[in-house]
Amino acid sequence: MIIAVLKEVKNGENRVAVTPDTASSFKGWGFNVKGEKGAGLQAGFDDEAYLKAGAEVVSSAAEACKNADYLLKIWAPQPEEDKHLKPQMTVIANFQALTERPRLEKFAKLGLTCFALDLMPRISRAQSMDILSSQSNLAGYKAVINAVEALDKAVPMMMTAAGTVAPAKVLVLGAGVAGLQAIATAKRLGAQVYASDVRPQVKEQVESLGGRFVEVKTDENFETAGGYAKETSDEYRKKQREAVAEQLRKTDIAVTTALIPGKPAPRLITKQMIEAMPHGAVIIDMAAEAGGNVEGSQSGKTITIGGVKVIGNSNLASELPNSASRLFAQNIFNFLTPMYNPQTQEIVFNFNDELIKGTCVCKDGELTGAVK
């Protein structure tokens, strides 16, 4: 069995889907790992590290994919990579499966078997395979670090002979994995931290990290069976906007993390709210690529509205490529481990298993699972 590892071509992507550690583990299974030259360089893994792990380093993506049985990537193959794809190849990556149907149809026509780890079921045995959790954790941390760097004031309280510097106030909108890590990071840096989420049951988690929950009273349930947030009612959105607007008027840093799988990101902060914030405040919109939680935000850009910096960044994990690659690569290895048969040194997918059914998006020339 041959595993291909390519240098990611998506703009701004620094991660790699196989690290020297996981390459060594695959080698222990009896697999051959063929990596494109420089595939891990941006993540801090040079070609020599892969060679020491037993992988083969080849000159091009085409050479890496030649005769490959598996292609492991951070992102699904981009159009310019289609020429490297072969029928019967198995591709494992983040496919953004609920929003990229045309690409999935293309992969099906090419005869690929594709597993979208972004659709990993939220069950206990899948936790070690969940790329959204591992990458969001790092992204939440990095969002706060970036915001602090852009802020024009100190974050913790400082008592000096010249006077006292009040702690910065941070508001996190969305208390999922990224939001909770943002809360924890801001708290460790000494900020006063507030958080809001459409799921009232996360209040205890927010408070356990030292944050204060901005509560909107409702009897409605905005959580899916899989643990994700879902769309809210008009009445709730009005109440939430009022509560968020009130808190933003005294907020130095806001981090927005709210996403609804397969749908545009909910609009949580309007330009009017931004203009009422303190001059010099910073907003990090982690949902910018999905339409944005913040009015006017643009993915990959920093704009200024009424003296407030609005930074749109939906790929913060790529700014910590070494750590992010290690976790992502281990997620993939953990996903494949239960499917590996040591006697035959092959991977056998049980398509009745809920992990396989939940993540397989195309097989035998057809779309499958959640995207069928």
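## Rings and cores in a predicted model

Tyr-70 counts as buried, because its relative accessibility is 5%, and buried means under 20%.

**Aromatic pairs**

- Across the whole structure, a search turns up 12 aromatic pairs.
- Tyr-70 and Phe-31 make one that is stacked, with 6.4 Å centre to centre and 10 degrees between the planes.
- This pair links distant parts of the chain: Tyr-70 is in strand S4, Phe-31 is in the loop between H1 and strand S2 (32–36), and they are 39 residues apart.
- Phe-31 also counts as buried, at 1% relative accessibility.
- Phe-349 and Phe-351 form a tilted pair, 6.3 Å centre to centre with 55 degrees between the planes.
- Phe-349 is buried at 15% relative accessible area, whereas Phe-351 counts as partly exposed at 31%.
- Ring pairs also join Phe-26, Trp-29, Phe-31, Tyr-70, Phe-333 and Tyr-340 into a cluster.

**Charges over rings**

- Lys-10 places its charged end over the ring of Trp-75, 3.7 Å from the ring centre.
- Lys-363 does likewise over the ring of Phe-351, at 4.7 Å from its centre.

**Nonpolar cores**

- The largest nonpolar core holds 39 residues, and those with the most contacts inside it include Phe-26, Leu-72 and Phe-349.
- Strand S1 (2–5), helix H1 (20–28), strand S4 (70–75), helix H10 (321–336) and helix H11 (354–359) each give this core at least two residues.
- H10 supplies the largest share, 5 residues.
- Another core of 29 residues lies apart from it, with Leu-180 and Met-286 among its members.

Note on methods: Residues numbered from 1 in each chain as written. Predicted model: local features only at pLDDT ≥ 70, side-chain atom pairs only at ≥ 80, totals over all residues. Heavy atoms only, no water. Core = buried A, V, L, I, M, F, W, Y, C linked by side-chain atoms within 4.5 Å. Buried < 20%, exposed > 50% of the residue type's maximum accessible area, 1.4 Å probe, protein only. Helix = DSSP H or I, 4+ residues; strand = E, 2+ residues; numbered from the N terminus. Phe/Tyr/Trp six-rings, centres within 6.5 Å; stacked < 30°, edge-to-face > 60°. Lys NZ or Arg CZ within 6 Å of the ring centre and 35° of its normal.
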